[in-house]
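I opened a new page for this structure. My notes follow in the order in which I looked things up.

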Amino acid sequence: MLLMRPRELLTYLNSSEESEIKNWHAQYTESTGDMETALHLYEQAKDTLSMTRLLCYFGRDVCELKYVN
């Protein structure tokens, strides 16, 4: 199990193309307080709702988001 090998787990998470994995990684990253990285991961997962929520949290204009129009 990769939980006992954090470097390999991070490599797997970063190289995965599956949106479910990216979304889980984004949620975990957000829970640790790293909002900028979470936003980037949500973008990779194409989770527009979570991206919009974080942009509002940052006080940024949602129009910055290329997927929401």
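I take contact to mean heavy atoms within 4.5 Å. Helices (H or I, at least four residues) and strands (E, at least two) are DSSP runs, numbered from the N terminus.

**Entry 1: ground rules.** I am reading a predicted model, in which local features need pLDDT of at least 70, side-chain atom pairs count only at pLDDT 80 or more, and totals for chains, interfaces and linings use all residues. Residues are numbered from 1 along each chain as its sequence is written, and side-chain values use heavy atoms, with hydrogens and water left out.

**Entry 2: the chain.** I looked up the elements and found four helices and zero strands in the protein chain. From the N terminus they run α-α-α-α. For burial I use relative accessible area: buried is under 20%, exposed is over 50%, and partly exposed is in between (1.4 Å probe, protein chains only). Of the 69 residues in the chain, 32% are buried. Among contacts with a separation of 6 or more, 8% come from residues 24 or more positions apart.

**Entry 3: α1 and α2.** Which residues of α1 meet α2? I noted Leu 10, Tyr 12, Leu 13 and Asn 14 in α1, facing Ile 21, Lys 22, Trp 24 and His 25 in α2. This contact divides into five nonpolar, two polar and one charged residue. In this count Ala, Val, Leu, Ile, Met, Phe, Trp, Tyr, Cys and Pro are nonpolar, Asp, Glu, Lys and Arg are charged, and the others, Gly among them, are polar. Helix α1 (residues 6–15) packs on α2 at an angle of about 120 degrees, with the axes 9 Å apart. Axes are lines fitted to C-alpha atoms, for helices over the stretch in contact, and angles run from 0 to 180 degrees between N-to-C directions. The two helices are therefore oblique to each other. The classes are roughly parallel under 35 degrees, roughly antiparallel over 145, roughly perpendicular from 65 to 115, and oblique for the rest.

**Entry 4: His 25.** I checked this residue of helix α2 on its own. Is His 25 buried or exposed? It is buried, at a relative accessible area of 7%. Leaving aside neighbours within four places in sequence, His 25 is in contact with Leu 10, Leu 13, Asn 14 and Leu 41.

**Entry 5: α3 and α4.** Helix α3 (residues 35–45) and helix α4 (residues 48–58) pack at about 150 degrees, with their axes 9 Å apart. That makes α3 roughly antiparallel to α4. On the α3 side I listed Met 35, Glu 36, Ala 38, Leu 39, Tyr 42 and Glu 43; their partners in α4 include Ser 50, Met 51 and Arg 53. The residues of this contact divide into nine nonpolar, one polar and three charged.

**Entry 6: burial in α3.** The buried residues of α3 are Met 35, Ala 38, Leu 39, Leu 41, Tyr 42 and Ala 45. They cover an arc of only 165 degrees around the axis, which puts them on the same side of α3. The arc is that of the directions from the helix axis to the C-beta atoms. These buried residues pack against α2 (19–31) and α4.

**Entry 7: Glu 43.** Glu 43, also in α3, is partly exposed, with a relative accessible area of 26%. Its C-alpha atom is separated by 9.2 Å from that of Ala 26, 17 residues apart along the chain.

**Entry 8: Lys 46.** Lys 46 lies in the loop between α3 and α4. It has a positive phi of about 60 degrees although it is not a glycine. Most residues other than glycine have a negative phi. Lys 46 is exposed, with a relative accessible area of 61%.
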